[in-house]
Amino acid sequence: MSANNPRRRLATELAAAAAAYQVAAVIPHCAECSKPCCRLDVLVLELEWKQIKTLWQLGESRPAFDRRLAAGQGPEEIRAGNGLYYAHSKPCPAYDQSCGACRVYDQEAKPVGCTDFPVYEDDGCVIADLRCEAVNLDALTAWIARAVGPAYRVIKSADAEFPFLVTLTVKRVAGKG
Ligand code: SF4
Ligand code: SF4
């Protein structure tokens, strides 16, 4: 798909708007958050082997680690599946609880899901995860509307199974733009 493709251009604008919202409204709140996502008591972290190895400071090979996990002797918060690893129910080892900061911020070891959470672009829409207390859905909707301009309107819809996941779809307004 060409970079000049209007759908691609819109998706790029939405991704930039979502990232800017995170910088303006979410990240400043993280240090005082009452339910930090990095504790992984709600969120599940999806990781590749290199990230698991780095974050959990593993010295063994991947097969040896997999055998340990399968034998129930691995870190109890990690599950393996689909060639990936999933961590849940214990704070992420990169989380500095004393100041609410990520020790691998801007590093390769930081999973992409952390960067995306709680607001990100996906397939030409913006997804907002309302489990993050810093997300204000009305403010985010207005933010996205400003970013794409009056030629578009923003439509909100909550996921039927996971209603805390809200999709913001932008539709061109007939006769505008
Ligand atoms: S839940 Fe939201 S505000 Fe809290 S630490 Fe995570 S991103 Fe920051
Ligand atoms: S890698 Fe960083 S941002 Fe991601 S869960 Fe761990 S501490 Fe949080």
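Which residues surround ligand 2? Select ligand 2 and find out. The model on your screen is predicted.

**Stop 1: the ligand shell**

Show the side chains around ligand 2. Nine of its residues are nonpolar and one is charged. No polar residue is among them.

**Stop 2: the three-stranded sheet**

Switch to the cartoon view. Look for an open sheet with the strand order β1-β3-β2. The pairing is antiparallel. Select residues 45-47 for β1 and 78-81 for β2. These are the edge strands, and each pairs on one side only.

Next, select residues 84-87, which form β3. Three bridges join β3 to β1, in the antiparallel sense. Pick L47, then look across to β3: Y85 stands opposite.

**Stop 3: the helix across the sheet**

Select residues 62-70. This is helix α3, which lies across β2 and β3. How is helix α3 angled to β3? Helix α3 runs at about 50° to β3.

**Stop 4: salt bridges**

The structure holds six salt bridges. Visit three of them.

Start with E108 and K50. Their closest N and O atoms are 3.3 Å apart. This pair links distant parts of the chain, 58 residues apart. E108 sits in the loop between β5 (101-102) and α4 (112-116), while K50 belongs to helix α2 (residues 49-55). E108 counts as exposed because its relative accessibility is 66%. K50 counts as exposed too, at 57%.

Move on to K90 and E76, which form a salt bridge with the closest N and O atoms 3.4 Å apart. K90 is in the loop between β3 and β4 (95-96), and E76 is in the loop between α3 and β2. They are 14 residues apart. Which of the labels applies to K90: buried, partly exposed or exposed? K90 is partly exposed, because its relative accessible area is 34%. E76 has 56% relative accessibility, so E76 counts as exposed.

Finish with K156 and D138. Here the closest N and O atoms of the salt bridge are 3.2 Å apart. Select strand β8 (residues 152-158) to find K156, and helix α5 (residues 137-148) to find D138. The two residues are 18 residues apart. K156 counts as partly exposed because its relative accessibility is 41%. D138 is exposed, with a relative accessible area of 55%.

Key:
Residues numbered from 1 in each chain as written. Chains lettered and ligands numbered in written order. Predicted model: local features only at pLDDT ≥ 70, side-chain atom pairs only at ≥ 80, totals over all residues. Heavy atoms only, no water. Nonpolar A, V, L, I, M, F, W, Y, C, P; charged D, E, K, R; others polar. Pairing = 2+ DSSP bridges. Helix = DSSP H or I, 4+ residues; strand = E, 2+ residues; numbered from the N terminus. Contact = heavy atoms within 4.5 Å. Axes fitted to C-alpha atoms, helices over the stretch in contact; angles between N-to-C directions. Salt bridge = Lys/Arg side-chain N within 4 Å of Asp/Glu carboxyl O. Buried < 20%, exposed > 50% of the residue type's maximum accessible area, 1.4 Å probe, protein only.
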